[in-house]
Amino acid sequence: MSETVHGGIPCLWMRGGTSKGVFFSAADLPHDEKARNALLLRIMGSPDPVQIDGMGGGDPLTSKVAILSPSPRPDADIDYLFLQVYVDQPLVVDTQGCGNILAAVGPAAIELGLFPAQATETTLRIHMVNTGEVATAKVQTPGFMVSYEGSACIDGVPGNHAPVPLIFENLAGSMCGSLLPTGNVIDQIDGVGCTLIDYGMPCVILKAADFGISGTESREYLDSDADLKTRLEAIRLTAGRLMGLGNVRQKSIPKMILVAPPENSGVILTRSFIPHRCHASIGVFAATSVAAACLLEGSPANLVVRLPENETFSIEHPTGATDVLLTLREDRSVASAGVLRTARKLMSGCVFPGPEVISG
């Protein structure tokens, strides 16, 4: 672990997709997991609802960490460990990946000197340590330097930026071992029909109408609906066991996804919970899981989807839509998935951990 003489730790503060987080080289953090997690809580300012004494922004989308290192795998260039730092609890979990933060891994690896840039565009194979899968990312590097300027635009992020295409293969069963961990397209939990699916992210797909809502509600409205969140959490705890994830009370998976017919030009409308707060948009791997669920006949997603004429599934969310490109086999099963994201370096320097917060 390396620090400056004043106790600062080298890092990057970056936006990846619709999330923000701190990016570290693994060599600059403690190797011991307990010591590392305690340090990250201090860095992010947790537990505190507004994380006022740390880098976090009081929201799960801005309380994320990526730890990067050269990969020993022959099929990968960079190892990427994603950690979700809880905002108001002293918890750091590695039970899921993050496809939005993944969008910034390629640029960050180059910026941190972990991978050499090429003359115009650099392709990196990124081993997602949380799930064991490998993603391919393309980073714009004119003149051997990362460029964040471009014409790509994604919903939930203002302005235009350089595109970062991400391609995923073998996502089925990324954490649960199979696309449908129970073997069923529909499972009944607490009287609600659910699809328990894992195509990059363990998710529970449910019809919004089964909860007496339209699915068009704002995230603020849904976050204030205590009865809805109580019902969703009860279903989530049962679904976690059925999916082989064990007791998920203190885990960020599975994600709960409410679906409804699309409002605009997309294929389906979503409101996702991560797991207890409504997402401002939708996670990349939640989007790939929803897209895959749309093809399962009789599933909640399939019952409300407007299937596209091509293989681009536009997943609507509170701030727009996320496009997922599915490559399908002859039997209409999913062979691979791709998304277009953007990323931007916000800060490069050293972070200074605050004092340990003793809760209770």
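Author: Tyr 80, Gly 97, Cys 98, Met 128, Asn 130, Thr 131, Glu 133, Leu 171, Ser 174, Gly 200 and Phe 285 line the second largest cavity. On a 1 Å grid over the protein atoms alone, a cavity is a set of points where a 1.4 Å probe fits but cannot get out, and lining residues have an atom within 4 Å of a point. This is a predicted model: local features need pLDDT of at least 70, side-chain atom pairs count only at pLDDT 80 or more, and totals for chains, interfaces and linings use all residues. Residues are numbered from 1 along each chain as its sequence is written, and side-chain values use heavy atoms, with hydrogens and water left out.

Reader: What volume does the second largest cavity have?

Author: About 60 Å³, where a volume is the space filled by probe spheres set on the points, joined across faces, edges and corners.

Reader: And the largest cavity, which residues are closest to its centre?

Author: The largest cavity has a volume of about 170 Å³. Of its 19 lining residues, Lys 64, Gln 96, Lys 255, His 279 and Gly 283 are the closest to the centre.

Reader: Which helix gives the most to that lining?

Author: α6, with three residues; helices are DSSP runs of H or I, at least four residues, numbered from the N terminus.

Reader: Switching to α1. Which of its residues are buried?

Author: Arg 36, Asn 37, Leu 39, Leu 40, Leu 41, Ile 43 and Met 44, buried being under 20% relative accessible area with a 1.4 Å probe, protein chains only.

Reader: What comes just after α1?

Author: Gly 45, with a positive phi of about 85°.

Definitions and conventions: 1 Å grid on protein atoms, 1.4 Å probe; cavity = no way out; pocket = protein on both sides within 12 Å on 5 of 7 lines; lining within 4 Å. Helix = DSSP H or I, 4+ residues; strand = E, 2+ residues; numbered from the N terminus. Buried < 20%, exposed > 50% of the residue type's maximum accessible area, 1.4 Å probe, protein only.
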